[in-house]
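My notebook is open and the viewer is running. Here is what I looked up, entry by entry.

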Amino acid sequence: MEYRYERLSDNIKIAVSSEHTFGTDAVLLSYFAKPKYKDKALDMGTGCGIIPLLWLRDEKQNGIHCLDIQENAFEQVKASIEINSLGDRLTPHLCDLREIEKEFPAECFTLVTMNPPYKPVNTGIESLGESAKIARHEVCCNIENAVKAASYLLTYTGRFCMCHRPERLADVISSMRQYKIEPKRLRFVSDRQGEKPFLFLIEGRKGSKPFLSVEPELVIKNSESKFTPEMIEIYGSYADGYEDKIR
């Protein structure tokens with residue numbers, strides 16, 4: 001497989017390909033879920049590895065893991081690990097999260113993230129390559145699969161962070177509570193002020209008591225279609241070279 005390498009910071013590059021690239025949703029989730037230095041963190045369904053690689057722009061972050069069911073994604077993440085010399089900071093896993101107990105012991109992470117497939121099977125455009133179909137449709141993983149795996153992996157009070165489309169919010173909260181992950185933070189995302197949200201970011205804590213904090217809406221662009229100050233902060237060093245989108 002041929003890769004091209006995109007700059008995330010002065011020290012981190014990411015291998016992207018026609019099969020596995022990344023979008024704004026993953027960048028926002030990485031920011032929303034940012035690990036504490038003491039966290040042992042895992043990103044499920046990592047694709048090209050964008051979420052853990054964004055975390056690793058901070059040189060103090062270590063002990064990060066990621067997994068994917070697709071071998072081509074697994075090999076792509078390994079290419080990024082090699083070019084950045086991250087072998088002692090990021091560990092990739094090739095596994096099916098529906099059989100997560102075969103790869104990890106229970107309660108071994110304090111933070112789990114996932115940017116899941118958004119579309120149920122038999123909806124939307126399905127004339128896609130196999131990798132794109134798995135990434136976009138609930139072929140190999142649905143909401144319940146992701147939440148169940150996160151619940152197995154998390155320590156008591158450990159955090160599970162994910163993003164999804166607003167129309168699936170009830171499904172996400174229902175599944176979280178079914179598997180003893182209590183929703184604690186919720187943030188909606190819109191492209192511009194006054195537009196309907198196209199995404200939500202949610203954090204739950206395993207075994208926690210009920211109390212949901214709804215945070216201010218995250219707006220990506222201003223009226224001139226430039227990034228808002230918060231989006232510039234979120235992109236951080238990745239925004240370097242994109243002055244046309246910033247100013």
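**Entry: ground rules.** This is a predicted model, where local features need pLDDT of at least 70 and side-chain atom pairs count only at pLDDT 80 or more, while totals for chains, interfaces and linings use all residues. Residues are numbered from 1 along each chain as its sequence is written, and side-chain values use heavy atoms, with hydrogens and water left out.

**Entry: confidence.** I noted that pLDDT is the predictor's confidence in each residue, from 0 to 100. The mean for the protein is 90, and 87% of its residues reach 70 or more. Over residues 131-139 pLDDT stays under 50, though the model has 33 contacts there beyond four places in sequence (contact means heavy atoms within 4.5 Å). Where pLDDT is low, the predicted coordinates should not be read in detail.

**Entry: overall build.** I found eight helices and eleven strands; these are DSSP runs numbered from the N terminus, helices being H or I with at least four residues and strands E with at least two. Buried residues make up 50% of the 247 (buried is under 20% relative accessible area, exposed over 50%, partly exposed in between, with a 1.4 Å probe and protein chains only).

**Entry: back to the pocket.** A pocket, on a 1 Å grid over the protein atoms alone, is an open set of points where a 1.4 Å probe fits, with protein on both sides within 12 Å along at least five of seven lines; lining residues have an atom within 4 Å of a point. Of its 13 lining residues, Tyr31, Lys34, Leu54, Arg57 and Ile234 are the closest to its centre. Helix 1 (24-32), helix 2 (50-55) and helix 7 (229-235) each give two or more residues to this lining. Helix 1 has the largest share, three residues. I also checked how covered helix 1 is: seven of its nine residues are buried, including Leu28 and Phe32.

**Entry: the cores.** A nonpolar core is a set of buried Ala, Val, Leu, Ile, Met, Phe, Trp, Tyr and Cys residues joined through side-chain atoms within 4.5 Å. The largest has 39 residues, and Leu8, Phe22, Leu28 and Ile50 have the most contacts inside it. Apart from it lies another core of 29 residues, Cys95 and Tyr179 among them.

**Entry: Ala15.** Is Ala15 buried or exposed? Ala15 counts as buried because its relative accessibility is 0%. Ala15 sits in strand 2 (residues 13-16), and its C-alpha is 6.9 Å from that of Cys48, 33 residues apart along the chain.

Entry: Ser85 has a positive phi of about 55° although it is not a glycine. Ser85 lies in the loop between helix 3 (71-84) and strand 5 (90-94). Lys180, also not a glycine, has a positive phi of about 65°. Lys180 is in the loop between helix 6 (169-178) and strand 8 (181-192), and is exposed at 60% relative accessible area.
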